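Open the model in your viewer and keep the sequence panel beside it. The tour goes one selection at a time.

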Amino acid sequence: MRINIFLIVIIAISIMPGYSKAAVQIFACEPEWASLSHEIGGDKVAVFSATSSRQDPHYIRAKPSLIARMRKSDLVIGSGASLEIGWLPILLRKAGNSRIQPGELGYLMAADVVDTLDKPMTLDRSQGDVHPEGNPHIHLNPYNITLVAKAVTDRLVQLDQKNIDHYRRRQAIFLKKWIEAIKRWELELGLFKDLPVVVHHTSFAYLENWLGLRRIATLEPKPGIPPTTGHLRSLLTAIRKKQPQLILRTPYDSAKASTWLSGKSSLRAVKLPYTVGGDEKSDNLFSLFDQTLLLLKGALHDK
Ligand SMILES: [Zn+2]
């Protein structure tokens, strides 16, 4: 009889709302890291993404619901390199969770495990929203995903030692598939080599670097400063000589500036998904890259 009551209690707890069998609670600052956490953690992790593809990760409000999530998290994964500087430190302070503070096992910033691009020679705030650690939008080079996948696995292994084999096995499966996908994507590198592009913000620096795209201008006059009519007019003259073909933007950039420039020139404005969930087909990291290349090819083809 006593055993039966024990069983009933266990069943009752396990069907209670919010109960999770997952061993590790992950707070992902951006959807790409939520997706990668799922790939490596599987059913041993419960993943929460603080932002969606429609939100600009530079500017998020430190809402009480995010603080509550952070309070019960075991691992925070962000892009780092100051991308979340306007909101993550506030959340960390207010949540008061000692396990996820900088320097702890539960704090992982992706930019810390890759080589960042565009590191400024001098730090001059008059140049706009410049990140001293380099460009933080690191996830659109697939080799960076490989490095971050290893770092995520290392952390999970240390945080949840009962499931070491599970994480290592999932990492191996993911990386095998990922390396095969990179080979497939790179068959098309020739299409993009030296292709001149204009971008809204420097969100695609790592994609440009991987594909060999040549960024010749940004719609923002300085990083983080919205496009102005004056700047767009001067671009119109400047780009005539350089003959760019595409204007790239994310789902969270306003379409206004790229639509205007596209209307006044032969450039084609392309909205890329940028992150997981950025369009209906990009539902994981693999389809994010598939879709990005497909949209770029389509835009070139239609010209
Ligand atoms: Zn940025």
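This is a predicted model: local features need pLDDT of at least 70, side-chain atom pairs count only at pLDDT 80 or more; totals for chains, interfaces and linings use all residues.

**Stop 1**

H58 sits in the loop between strand 2 (45-49) and helix 3 (64-71), while H137 sits in the loop between strand 4 (107-109) and helix 5. The pair therefore ties together parts that are 79 residues apart in sequence.

**Stop 2**

Next select R215 and D118. Their side chains form a salt bridge, with 3.6 Å from N to O. R215 belongs to strand 6 (residues 214-218) and D118 to the loop between strand 4 and helix 5, so this pair links parts that are 97 residues apart in sequence. How many salt bridges are counted in the model? The count comes to 8.

**Stop 2: the two domains**

Colour residues 21-184 as domain 1 and residues 188-301 as domain 2. The C-alpha centres of the two domains lie 25 Å apart. Domain 1 gives 35 residues to the contact, and domain 2 gives 28.

The size of an interface is often stated as the accessible area that is lost when the parts come together. For domain 1 and domain 2 the buried area is about 2800 Å², with 61% of it on carbon and sulfur atoms.

**Stop 3: across the interface**

Select D290 and R184. They form a salt bridge in which the closest N and O atoms are 3.0 Å apart. Between domain 1 and domain 2 there are 2 salt bridges. Polar contacts across this interface number 10 residue pairs.

Finish on the side of domain 1 that touches domain 2. Which helices each supply at least two residues to this side? Select helix 2 (31-41), helix 5 (142-159) and helix 6 (164-186) to see them. By residue type, this side of domain 1 divides into 13 nonpolar, 13 polar and 9 charged residues.

Note on methods. Residues are numbered from 1 along each chain as its sequence is written. Side-chain values use heavy atoms; hydrogens and water are left out. Domain bounds come from an automatic or database domain assignment. Contact means heavy atoms within 4.5 Å. Buried area is the accessible area (1.4 Å probe) that two parts lose on being put together, summed over both. A salt bridge is a side-chain nitrogen of Lys or Arg within 4 Å of a carboxyl oxygen of Asp or Glu. A polar contact is a pair of N or O atoms within 3.5 Å; within protein, one must be able to donate a hydrogen and the other to accept it, and residues adjacent in sequence count only if both atoms are side-chain atoms. Helices (H or I, at least four residues) and strands (E, at least two) are DSSP runs, numbered from the N terminus. Ala, Val, Leu, Ile, Met, Phe, Trp, Tyr, Cys and Pro count as nonpolar, Asp, Glu, Lys and Arg as charged, and the others, Gly among them, as polar.
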